[in-house]
Amino acid sequence: LQPNTTWSTSSNLSNEKSGHCTSVPRNANMEKLRSGYLFPEISRHELEHTQKSPHARLIRLGIGDTTQPIPDIITSAMAEHAHALSTVQGYRGYGAEQGNMALRRAIAETFYRDLGVKGNEIFVSDGAQCDISRLQMLLGSNVSVAVQDPSFPAYIDSSVIVGQAGKFQEETGKYENIVYMKCGHDNNFFPDLSTTSRTDIIFFCSPNNPTGYAASRQQLKQLVEFAKANGSIIIFDSAYSTYISDESPRSIFEIPGAKEVAIEISSFSKFAGFTGVRLGWTVVPEDLTYSNGFPVMKDYDRIVCTCFNGASSVAQAGGLACLSKEGYRALTRVVDYYRGNAEIIVDTFASLGLKVDGGRNAPYVWVRFPGYSSWEIFSEILEKTHIVTVPGRGFGPGGEEYIRVSAFGHRGCILEASRRLKNLYK
Ligand SMILES: Cc1ncc(COP(=O)(O)O)c(CN[C@@H](CCC[C@H](N)C(=O)O)C(=O)O)c1O
């Protein structure tokens, strides 16, 4: 489905097989969604291509899914925990919905040392994507939302699903009631807050997916002040913070005052290869309150207890091992491996004279093809080089003319992709 494909309205559909329809009305918000969720769409295009070219050696630099094995010290910890479940003394049932306290403390110690974030403010989950949806349940439909443009599609799609968004506007490619904060080359990937409308919620991802840009300390200070002045809540996504290689803040809580205006979501997916194991966390500070002074953390705890029975105990055992000295050191080597891939990809496109962003503080490289639709570039690269990327338009109108190239891959594949791309565009 191209981005402007409208899904059939269910009003005139009938069940082809039996002809029977239920009398249950479809959620009107689901009807507002413009097309399939971006990443399954990429997988669909990939499948179509492999059916057309069954002998092609496909190189997947599209969906940001890790490829390198998880270090043995971590998988052994998971295996040991799993095996203990087969013994009477080792068996454990439900854990705390908020997560294993030892893991909560280890996350606080590893990522928020000296930032005043405590274990009880950290809610362990089955991933940041799931936490985005749980936060949307927490916030409800009567809040206004701002997102970076371009940004990870889950923020907008979940806003549409919970009813925060209005209709989709064909001419602008945007949903009504959502503020799109342009973050591109001409504004150093940071919105002009002096002209940005107030919203209750501000989704902010840094390092940003898809541009790979990590906001500076000065920029994040402005963002926190902006949120404070407007009485807004920042939902800060730090899923790629471990890829930051310069002085950019890794957490919004490095900014003074952030604990009164921000929630932070993060994940073991991209630094620990836990994309399939499923483990993440959300920080909801005790100091964060609603307009009536009620603590947000209390409601989030209620959501977690009512809608989520806690992350897998096996995944949490793995998470603890990730944060051990030896485990974290081993994972840093894997992150460095992907960083090396990103460098090769950046150099490849730069050598072709193309405008390249990202790759330095994130495992995503953002490449501009002026005057071309991003879906055209995506299709041309797929057809001619059998390399899967992601069309920038899938991340919002601000992504038009761009593609996102993921650095998650085996080094040999990255080098082969570089060769093919140079061949195509030299
Ligand atoms: C900014 C940001 N925040 C959260 C996530 C998901 O983290 P999680 O793995 O749930 O802990 C992601 C993962 N995004 C990837 C994987 C996408 C494909 C997966 N089906 C998904 O939709 O999350 C991508 O952009 O290619 C992200 O970029």
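**Pockets, cavities and a helix pair**

Analyst: Let's start with the second largest pocket: its lining has eight nonpolar, seven polar and six charged residues. Here Ala, Val, Leu, Ile, Met, Phe, Trp, Tyr, Cys and Pro count as nonpolar, Asp, Glu, Lys and Arg as charged, and the others, Gly among them, as polar. This is a predicted model, where local features need pLDDT of at least 70, side-chain atom pairs count only at pLDDT 80 or more, and totals for chains, interfaces and linings use all residues. Residues are numbered from 1 along each chain as its sequence is written, and side-chain values use heavy atoms, leaving out hydrogens and water.

User: What makes a residue part of the lining of the second largest pocket?

Analyst: On a 1 Å grid over the protein atoms alone, a pocket is an open set of points with protein on both sides within 12 Å along at least five of seven lines, while a cavity is a set where a 1.4 Å probe fits but cannot get out; lining residues have an atom within 4 Å of a point. For the second largest pocket, 21 residues line it, with Thr110, Phe111, Thr242, Arg250 and Tyr328 nearest its centre.

User: Why does the second largest pocket lie between domain 1 and domain 2?

Analyst: Because domain 1 (34–63 + 327–425) and domain 2 (72–324) both give residues to its lining. The bounds come from an automatic or database domain assignment.

User: Which helix gives the most to that lining?

Analyst: H11, with six residues. Helices (H or I, at least four residues) and strands (E, at least two) are DSSP runs, numbered from the N terminus.

User: What volume does the largest pocket have, and what about the largest cavity?

Analyst: About 440 Å³ for the largest pocket, and about 390 Å³ for the largest cavity. A volume is the space filled by probe spheres set on the points, with grid points joined across faces, edges and corners. The largest cavity is lined by 22 residues, and Arg34, Ser35, Asp157, Arg393 and Gly394 lie nearest its centre.

User: How do you know the way H3 and H10 pack?

Analyst: Helix H3 (residues 72–84) and helix H10 (residues 313–322) pack at about 145°, axes 8 Å apart. Axes are lines fitted to C-alpha atoms, for helices over the stretch in contact, and angles run from 0 to 180 degrees between N-to-C directions. The residues of this contact divide into 10 nonpolar, three polar and no charged.
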